[in-house]
Amino acid sequence: MVKAYGYQPTAGSEAAREATAKYYYQDKYPNASITKDNVAISAGATQFARSFFNAIRNKVSPNGNVLLLKPFYPSHKDQINNEQLTPVLESRQDGESYAQVVQRAIDAHRDVDGNNTIDTLFMSYPGNPVGDYPSKDELQAIIDVLLDPKNRLASGHPMVLATERIYDTIGTNVADIVSPLDLDPQLMEKLPYAECTSLSKSVSMAGERAAIFVASPALYKQMVATMGMDTNGVSVTTNLLVQAFMEARGRGELQEYEQKVNAIYQKNIGYLFDHA
C-alpha cells in the first residue's frame with residue numbers, strides 16, 4: 001500500500017488509477033485501450049454527472065440538447081438545467097425499443113437542413129435498477145443509431161454517449177448487464193463516450209462516496225478540469241480505499257476485503273452514534 005498525504009491529484013492518485021485501470025477496466029475490457037490516463041476517481045456518481053454535463057456545455061454541445069431516457073434520476077435533469085443545457089425527456093411508447101425511442105427523439109429535433117440537434121444521450125443504466133434497462137441486443141441497437149451517419153450533428157461529429165453504471169456488479173460478471181464497451185471495446189475511438197461505476201452503491205464500501213469513470217481522451221480532459229473547479233480531488237482515504245479495493249479484486253480476494261472494510265465501518269459508525 002502506497003502512503004499518500006495532502007491534496008490528491010484531481011483525477012485521483014496515480015496508484016488508485018493504476019489499480020483501477022489494471023484490475024477493473026483492463027480485466028473487463030481487455031481489447032479496449034484503457035490506461036490510468038483516462039481513468040478517474042470521483043466522489044460518487046453525482047460528481048461524475050456534474051463534471052460530464054459541464055464538459056458538454058463548454059466543449060462538446062453546440063446545440064445544448066441532452067436526451068434522457070426514462071427512468072432517470074431527478075438530479076440529472078437538475079444538473080442539465082443548471083448548466084443551461086436543455087433536457088429532452090423521452091420514454092418508450094407502445095412497445096417501442098430503446099433504439100426506436102432514440103431515433104424518434106433525433107428525428108423530432110432536426111434543424112431545417114435535416115441535421116440532428118441532440119448532442120448527447122445520457123443513460124442511467126445499464127446496471128442501475130431505477131427501472132428497466134436495455135438488453136445486450138437493445139444496447140447494441142442504440143449504439144448503431146448513434147453511429148448512423150444520418151444522425152450526425154451539423155459539424156459531422158457523432159453524438160456523445162454517457163452511461164452511469166451505478167449498480168454494476170464489480171466482483172462478478174452478470175451476463176444480462178452489459179456496457180457499451182462490452183459490445184465494442186473501440187467505441188471511445190468512434191464517438192465521445194464516458195462510463196461511470198459507483199463503488200459506494202455497489203458494495204457499501206466503507207460508507208465512502210466513491211466512483212470510478214473512464215472517458216474518451218478529449219472528454220476526459222475536460223471532465224477532470226471541471227472536477228478541479230469543484231474540489232482538489234477526492235480524499236486520501238477514498239483514493240486508498242479504491243486502490244485497496246481494486247488490488248483485492250486483482251487477487252481474487254474482493255469478498256474478504258469487503259467484509260473487513262465494512263466491519264471497520266460498522267464499528268466506527270457505532271462508536272459515533274454511541275458518543276454523539
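Glu90 is buried, with a relative accessible area of 13%. Its partner in a salt bridge is Arg104, with 2.9 Å between the closest N and O atoms. Because Glu90 sits in strand β3 and Arg104 in helix α4, the pair ties together parts that are 14 residues apart in sequence. Arg104 is partly exposed, at a relative accessible area of 27%. The model is predicted, and the chain averages a pLDDT of 82.

**Confidence**
- A pLDDT of at least 70 is reached by 78% of the residues.
- Confidence in the chain is highest in helix α4 (residues 98–108), at 96, and lowest in helix α7 (residues 199–203), at a mean of 56.
- Over residues 168–175 the pLDDT stays under 50, and the model has 16 contacts beyond four places in sequence for this stretch.
- Where pLDDT is low, the predicted coordinates should not be read in detail.

**Overall make-up**
- The chain contains 10 helices and 7 strands.
- Of the 276 residues in the chain, 50% are buried.
- Among contacts in the chain with a separation of 6 or more, 72% are between residues 24 or more positions apart.
- The chain has an accessible surface of about 12,600 Å², and carbon and sulfur atoms account for 51% of that surface.

- Strand β1 (residues 39–42) runs antiparallel to β7 and is joined to β7 by 4 bridges.
- Strand β6 (residues 193–198) also runs antiparallel to β7, with 5 bridges between the two.
- Val214 of β7 is the bridge partner of Val39, and Val214 is also the bridge partner of Glu195.

**Helix α4**
- The buried residues of α4 are Tyr98, Ala99, Val101, Val102, Gln103, Ala105 and Ile106.
- The cover over these buried residues includes the strands β2 (65–69), β3 and β4 (120–123), together with helix α5 (136–147).

**Glu83**
- Glu83 is in the loop between α3 (74–82) and β3 (86–90).
- Its relative accessible area is 3%, so Glu83 counts as buried.
- Beyond its neighbours within four places in sequence, Glu83 is in contact with Arg50, Phe53, Asn54 and Arg57.

**Other salt bridges**
- The count of salt bridges comes to 12.
- Asp184 forms a salt bridge with Lys190, and their closest N and O atoms are 2.8 Å apart.
- In that pair Asp184 is buried, with a relative accessible area of 13%, whereas Lys190 is partly exposed, at 42%.
- Asp107 forms a salt bridge with Arg110, the closest N and O atoms lying 3.0 Å apart.
- Asp107 counts as partly exposed at 43% relative accessibility, and Arg110 counts as partly exposed at 24%.
- A network of salt bridges links Glu14, Lys36 and Asp37.

Technical notes: Residues are numbered from 1 along each chain as its sequence is written. This is a predicted model: local features need pLDDT of at least 70, side-chain atom pairs count only at pLDDT 80 or more; totals for chains, interfaces and linings use all residues. Side-chain values use heavy atoms; hydrogens and water are left out. Two strands pair if DSSP finds at least two bridges between them. pLDDT is the predictor's confidence in each residue, from 0 to 100. Contact means heavy atoms within 4.5 Å. Buried means under 20% relative accessible area, exposed over 50%, partly exposed in between (1.4 Å probe, protein chains only). Accessible areas come from the Shrake-Rupley method with a 1.4 Å probe; for residues, only the protein chains shown count as cover. A salt bridge is a side-chain nitrogen of Lys or Arg within 4 Å of a carboxyl oxygen of Asp or Glu.
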